[in-house]
Amino acid sequence: MTEAPDAFEARLRQIGAERYHDRHPFHARLHGGGCTPDQVRAWVINRYYYQHSIPMKDAAFMSRVEDPDLRRRWRSRIEDHDGTDTNEGGIRRWLRLARAVGLDPDYVASTRGVLPATKFAVDAYVRFVREKTLLEAVAASLTELFAPAIHKDRIAGLLRNYDFADDSSLSYFQNRLKEAPKDVAFGLGWVLDHADTAEKQDAAAAALVFKTDVLWSQLDALDAAYVAPARIPPGAWQPGEGLLDSRAA
């Protein structure tokens, strides 16, 4: 049976309450000041791979959209990350964070030290958006419903617990507090309008579950490589590599 829009929205929000990566122990450690400098750097390096892939994901989505109104509404997501003449963009803001934690931004941008599991998860998300239905692709983006809360907690926790944290280094998260709501409002409304059968609602919910798995698996990989058992895979970042100043190690 097809759920009413408000019931279906509640179902989507419950997925976030149960599965969003703010529940992962690595995030609790990061926000609480329990991460070492190298664990923070590993997070910055690996999260960059996700950040730099988002515009490619959105471009892949737009290449399949025939409705110019939908393309027009979606285009701002690419501009928010890549930047414009008047907007620095999220990718450059993330590289400023990399510099603040002692990493060479050129090294981070090269993605040479990214964990294999991070690459597999993020690349799977890009393929998902390229290959699945438009409804599933938009539904997968709805983790943005839950992002503002984690950004607020992250800003407060990093400012409270780490010397590198200030308005400049955390500008990525501060800007997402302003950018994400418009994306959330449009994406959620579009999914609620287009998931008009039980089968489509199930597909949209499954897409959102998939996206939470993508985010969670990245933190699992970080935790295993740099916390416990601290088994870093071949080719992944080793502490001491890619630093602006070797004394930062």
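Q: How many aromatic pairs does this predicted model hold?
A: The count comes to 10 aromatic pairs.

Q: Why is the pair of tryptophan 94 and phenylalanine 173 called edge-to-face?
A: Their planes stand 75 degrees apart, with 5.5 Å centre to centre. Planes over 60 degrees apart count as edge-to-face, so the name applies.

Q: What parts does this pair tie together?
A: Tryptophan 94 lies in helix 5 and phenylalanine 173 in helix 10. The pair therefore joins parts 79 residues apart in sequence.

Q: How do you know whether tryptophan 94 is buried or exposed?
A: Its relative accessibility is 0%. Buried means under 20%, so tryptophan 94 counts as buried. Phenylalanine 173, at 1%, counts as buried too.

Q: What makes tyrosine 172 and phenylalanine 173 an aromatic pair?
A: Their rings are 5.3 Å centre to centre. The limit is 6.5 Å, so they pair. The planes are 90 degrees apart, and the pair is edge-to-face.

Q: Which residues do ring pairs link into a cluster?
A: Trp43, Trp94, Tyr172 and Phe173.

Q: How do you know that the span of helix 7 agrees with its number of residues?
A: At 1.5 Å a residue, its 16 residues should span 22 Å. The end C-alpha atoms are 22 Å apart, so the two agree.

Conventions: Residues numbered from 1 in each chain as written. Predicted model: local features only at pLDDT ≥ 70, side-chain atom pairs only at ≥ 80, totals over all residues. Heavy atoms only, no water. Helix = DSSP H or I, 4+ residues; strand = E, 2+ residues; numbered from the N terminus. Expected span 1.5 Å × (residues − 1). Phe/Tyr/Trp six-rings, centres within 6.5 Å; stacked < 30°, edge-to-face > 60°. Buried < 20%, exposed > 50% of the residue type's maximum accessible area, 1.4 Å probe, protein only.
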